[in-house]
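Please keep the structure in view while reading.

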Amino acid sequence: MTHNDKPVNGQDNPSFLDVLKQLPPVPPAPEPDAKPAGRLAWLRAAWKESWEEGGLLYQRWEEVFEVRHSSWHEVANWIKAAALFGGLSLIVMMLDTAGDVADATLRGLSAVPATSGGDGSGLWGTVDHPVRVFLADQAAHLAVAPAALYAFWQLTGLLGLVGGFFGNAGARIAWLLFGIGTLAMIWSTAPAGGRAAATGLAALMWALASIFALRGLSLRPIVHNHPPQFQPQFSPSLHIHATLPAPAVDGFGDEPDNVHPLQR
């Protein structure tokens, strides 16, 4: 079988042109009066032979079937290429769709004037109206429309709430900053007589919404109990090596007088 690539990880990369070599011989050109049934039979036979054991399509199907039992490095190269191409295509489509959704959301939110909060009556108006007024006053000194600031403020809170519910750390940080910034805007814009009440009411609403945004968050430290690793034990001991002197002998090879043989 002809190969177009060198073996990678002990695998051969067969060429799809090998299927042409597995086809039966091309039948002779039909006569002018002959019917095209011979060429269709040749194609049918080629298709059947490629699915037999050892055929090109049969081997490709076996490689697909072995994917679930193999690691990424053991998968055939053409499967890796197809998976990467499909993944990149999916990411591009998701980013394009997310951009369209975000653009439509911003357009819808920007359609509402930032100062159309009425007189601030009701619980929600007490919290929402100071924010609208604050953003409208700040937009007068910026090159941005008040409705765009208000839409961005709403979108930040929505993404922080939804992302925090699913445990995203960045979304939870955005939710905390969103709440702190909202309290600061209400405190600076609310009437002096009801400033504390409006800020406190906004803090309570933010705390209730944080039940969902900070779901599962715990301030207790996480303690990991690992089994003690093996440590060599050191047992100090003192070894004293004493050498006893040999008995002295005189010059004639006799034992000294103080040494006597044992008598039974």
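Among the contacts in the chain that link residues at least 6 apart in sequence, 48% join residues at least 24 apart. The model is a predicted one, and its chain has eight helices and zero strands, so that, from the N terminus on, the elements run α-α-α-α-α-α-α-α. Of the 264 residues, 19% count as buried, while the chain exposes about 20600 Å², of which carbon and sulfur atoms supply 66%.

**The nonpolar core**

The largest nonpolar core holds 14 residues, and those touching the most other members are Val 131, Leu 135, Trp 153, Met 185, Ile 186 and Ala 202.

Once its neighbours within four places in sequence are left aside, Leu 135 is in contact with Leu 149, Tyr 150, Trp 153 and Met 185.

**Helix H6 and the residues after it**

Does the length of H6 agree or disagree with its number of residues? At 1.5 Å a residue, the 20 residues of H6 should span 28 Å, and because its end C-alpha atoms are 29 Å apart, the two values agree. The buried residues of this helix are Ala 147, Tyr 150, Ala 151, Trp 153, Leu 155, Gly 157, Gly 160, Gly 163 and Gly 164. As background to such a list, an α-helix has 3.6 residues a turn, so residues three or four places apart point the same way.

Just after H6, Gly 167 takes a positive phi of about 85°. Phe 166 is placed in the loop between H6 and H7, and because its relative accessibility is 66%, over the 50% cut-off, Phe 166 counts as exposed.

**The nonpolar surface patch**

Phe 166 is also one of the residues that make a nonpolar surface patch of about 730 Å², together with Leu 158, Val 162, Phe 165, Leu 208, Ile 211 and Phe 212.

Key:
Residues are numbered from 1 along each chain as its sequence is written. This is a predicted model: local features need pLDDT of at least 70, side-chain atom pairs count only at pLDDT 80 or more; totals for chains, interfaces and linings use all residues. Side-chain values use heavy atoms; hydrogens and water are left out. A nonpolar core is a set of buried Ala, Val, Leu, Ile, Met, Phe, Trp, Tyr and Cys residues joined through side-chain atoms within 4.5 Å. Buried means under 20% relative accessible area, exposed over 50%, partly exposed in between (1.4 Å probe, protein chains only). Contact means heavy atoms within 4.5 Å. Patches are made of residues with over 30% relative accessible area and no salt bridge: like charges are joined within 9 Å, nonpolar side chains (Val, Leu, Ile, Met, Phe, Trp, Tyr) within 5 Å. Accessible areas come from the Shrake-Rupley method with a 1.4 Å probe; for residues, only the protein chains shown count as cover. A salt bridge is a side-chain nitrogen of Lys or Arg within 4 Å of a carboxyl oxygen of Asp or Glu. Helices (H or I, at least four residues) and strands (E, at least two) are DSSP runs, numbered from the N terminus. The expected span of a helix is 1.5 Å times one less than its number of residues.
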